[in-house]
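Morning, everyone. Please bring up the structure, and I'll walk you through a helix and some charged pairs.

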Amino acid sequence: MAFSSYIGSTRRGGWASSLLPSSSSSPSSTSKSKLTRRSRRRFALRDFIFANFFTIGLSISLVFFFILVLRYGVPNPITSRFKSRPPYRSYRPRKSVYRKPVLADNRNGSVAGATVDITTKELYDRIQFLDEDGGPWKQGWRVTYKGNEWDSEKLKIFVVPHSHNDPGWKLTVEEYYDRQSRHILDTIVETLSKDARRKFIWEEMSYLERWWRDTTDEKRESFVNIVKNGQLEIVGGGWVMNDEANSHYFAIIEQMTEGNTWLNDTIGIVPKNSWAIDPFGYSPTMAYLLRRMGFENMLIQRTHYELKKELALHKNLEYVWRQSWDVEETTDIFVHMMPFYSYDIPHTCGPEPAICCQFDFARMPGFSYELCPWGKHPVETTQENVKERALLLLDQYRKKSTLYRTNTLIIPLGDDFRYISTDEAEAQFRNYQLLFDYINSNPSLNAEAKFGTLEDYFRTIREEADRRNYSQLGEVGSAQIGGFPSLAGDFFTYADRQQDYWSGYYVSRPFFKAVDRVLEQTLRATDMMIALLLGYCQKSQCEKLPVGFSYKLTAARRNLALFQHHDGVTGTAKDHVVLDYGTRMHTSLQDLQIFMAKAIEVLLGIRHEKSDQISQFEAEQVRSKYDAQPVHKAISAHEGTQQSVVFFNPLEQTREEVVMVVVNRPDVTVLDSNWTCVQSQVSPEFQHDKGRIFTGRHRVYWRASVPAMGLQTYYIANGFVGCEKAKPVGLKFFLGSSSIPCPAPYTCSKAENNVVEIQNQHQTLTFDVRNGLLQKVTSKSGSSNIVGEEIAMYSSSGSGAYLFKPTGDAQPIIETGGKIVISKGPLVQEVFSYPSTTWEKSPISHSTRIYNGENTIQEYLIEKEYHVELLGHVFNDKELIVRYKTDIDNKRMFYSDLNGFQMSRRETYDKIPVQGNYYPMPALAFIQGSTGQRFSVHSRQSLGAASLKDGWLEIMLDRRLLRDDGRGLGQGVMDNRAMNVIFHIIVELNISSTSNPVSNPYPLYPSLLSHRIGAHLNYPLHAFIAKKPQDISVQPASRTFSPLAAPLPCDLHIVSFKVPYPSKYSQQSHENGRFVLILQRRKWDTSYCRKGRSQCTRVADESVNIFNLFKGLAVLSARPTSLNLLHEDIEMLGYNEQFGDVAQEGQVVISPMEIQAYKLDLRPH
């Protein structure tokens, strides 16, 4: 995404003045044998040694020297650990160290954290957020220098040309490719081939893959040549430069793997350096995943401007990012943070944009870019003006260098979709080369400038840091690279100027944020099915179905990957681009569901071979178009017929769950796969329609049991003798002045009191029937929690797709009245509310459900479903929230997840506005009191959350905005869609210890129960129903599929089980590991163990043998690999040694929070 113009030390190889390693001449030949008068031979040996002492010592030293060279490569410079094989090298990091963990205020010491020099919480505590005018560098200060800073180590300047290519923003990815990106790639190949001194970096594989298909063989060869010789570096190499606030870690791994593997398969390289200049804030999850993919270094840009200033003041803009839980420093990765407002040329050469803009030679007359807004424009460099121009530019370089510790400097040279023509590229390269030549030809300047890549820069800074000690007194630092501080935390919420906080994009286009997660979970389930099909396949015919689907599978992976772009899942693209993203996801979702319907027939043994047959099953939920809500397919259930329902469980534990399907007739019976009667309940289906609350259809509920990663069949029958029909619920109405006819076959009554309750064996929920909102949650022990539900709206005239800028506090919108229906049955109890509001048509209706399924985790949760329709001009510049007002004394602190992977501690600050106290909530937020009471809200889509007052937790549901917010999009957000938001809420009480959130700076962890509830919500059962009913007399044999030998431990999660290349399956050898298994060990708070453990047989404290994972399927070998599947050197990935031991015994030991990947060789037995 482009910026909106705002007027307002690091090194490289080849410049180090060091010698080759000198050998030590101190041999140690200390024989300990005793000497006697008769040992003349030994005296002779002694005399020989003394006579040839120097020669022997030199020989021994040379031997050791050559051993070191063979082991580590030629050092460059003397202490460098890095081989100088440009451009893509493999280095071995220093061995991880163990530091005693910092324990928080916790009686059992269970909350520990990494030892670091800086945390982002400490930065926020210290910064006053005064937005003081810094002069030419508006967000900093007037930077000066003495001039002698480079006397002992000259300034080494890398100017890094780049072009930021958004895969969709103002134009679709195809429009951008056709109009700009393909021309840019052509330009890079042509201009770099002319001069070996020219360099460039490229990030987005989505465009490169597209260009590679279209371009000529000659250009492909030239491209490979400039990559191999180090002129062009692929940085990041993901399919896109992904967002880091809304994207789930599964999707991040997918998009990085898709890009990295395509690059390796096509060109034979694997990136080592990450370049993320445009995501709107940064997550430590990304740092962790990159480290475990073999990346060594990161560069980031968009962090809060006050935070940049604070880090720059202490020369901490370069640091080692460490995960908050990591006490062994295995997750450390080196980071360079850019110091200024933007990544464009005016804001990258130095602190004075008015000067830097004069060196953006594409702004000279004759090009299409805007002139410099500061009034002084670039001019062609000539022999007459080169001295003056070079010294002016060098002054900016020197000023920027003082913000960093070392004398190596990186200067990005680019902007959005730059270098589109040869003329433009030549203007930049030609003028800069003249400036470089002048600087380099004057030794008195103590500077050397050249074009470079990220690899050039990071290699040089590491070499300098090895030579010179830049560590500050008392600094913890890192064993990975010396001289820099260590840092833990995240960089949300981003502000680029004044009080403009980018918290709006956490919620913009929430409909498509939800579709994103549905596509994720469907792709993951499909990958599992393909792996199971090919794993159990014993003849070539059964390969046809998954292999024939491989093209659409790749398309689905890439469509999901594309949407992770930082203008995709963020909801910050133009309307027609959103349509393009949505259509792509919808197409892939349909393709995946059609495949799954066929795959379940094969796995259940209904059919075996032909992939072109139409399946007898279809998905139970279908979407008519890309922006339509999913609709439940209704089962007809005519007299004397039955229809089968098949569930696929994508989780690694057996699933006991109350499930639901929709039927047209209520008089049905549910039977399991053995044709045994199952207790069931039937309820009316509600809809968001004030005049017609009931649809006329019915929901049938029953308790299902589905094996881990397996299939289970149930039957919905009408007229089956010997079984009780589904039990109708009882209904109670509170309708105000209106009336609703009682639907058959239900019994109806009126709610007499102002409060109503629904309950199960664990909790009672109390509602105010005058407004239909939740008031209180009471546990079976009698303890009561106030949970005052409030639905409110912010008004805002400054908000846009990116920014949230409310005018005042959110105002409640629910009035007394409305229509409320309470339904009570043996399995589910529900309160449905169509509330009364100022508007004729309410923008929201909602249901609250609790479940009675025996031995299910659903017993412990409260299900909230909000139907949101923020449609029409009456809701312009409105932002809709739900707020839970509890009696928990959380001191305005809460915990929200980062990418569905880890938690982050959030604190509300008075010194920053409301919008700055909003944070991303991709999956979970909770508040906790001093006595251990915890209130958690799980979501199945990314949203934004805050705790603005003590005991409050609020979540934004949707936003409709008339205006553009000045960040380049050029429109508001007016394309809202009707949608459902589902939360799973739990109220827990700490049972063994208390961690005081005020004194504990580290994140708290979800309970085991909370983890399981989140997994069930985000990885739901996939339901398929038979397209046609069968006669009830036709009773097929039991249809079930259970592939795991035993369920996995409750805290061990299968992130992915797949075949990366189904199309090449038969061509690959077994030894290559055709299957991939990615496991994650969840870290959970042991002080909330009672409820969660009651449903668990075991946790992963002990090793798990993956050789014995499957029934009827032998795992013959398992090789550890990186998360992008491209590295098998465990040490370079930072893992402990146990990870590498799996290949021999099959025993997997995973530390909490770790994700580990394995390549498997599977064969049926």
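First, a term: buried means under 20% relative accessible area, exposed means over 50%, and partly exposed lies in between (1.4 Å probe, protein chains only). This is a predicted model, where local features need pLDDT of at least 70, side-chain atom pairs count only at pLDDT 80 or more, and totals for chains, interfaces and linings use all residues. Residues are numbered from 1 along each chain as its sequence is written, and side-chain values use heavy atoms, leaving out hydrogens and water.

Now the charged pairs. A salt bridge puts a side-chain nitrogen of Lys or Arg within 4 Å of a carboxyl oxygen of Asp or Glu. The structure holds 78 of them.

Take D809 and R883. Their side chains meet in a salt bridge, 3.2 Å from N to O. This pair links distant parts of the chain, 74 residues apart. D809 sits in a loop, and R883 in strand β39. Strands here are DSSP runs of E, at least two residues; helices are runs of H or I, at least four; both are numbered from the N terminus. Is R883 buried or exposed? Buried, at 1% relative accessibility. D809 is partly exposed, at 37%.

Next, R182 and D178. They form a salt bridge at 3.4 Å, N to O. Both lie in helix α4, four residues apart, so about one helical turn separates them. R182 is partly exposed at 29%, and D178 is partly exposed at 43%.

Last, helix α9, residues 305-313. Eight of its nine residues are buried. Among them are Y305, L307 and L311. Just after α9, K315 takes a positive phi of about 55°.
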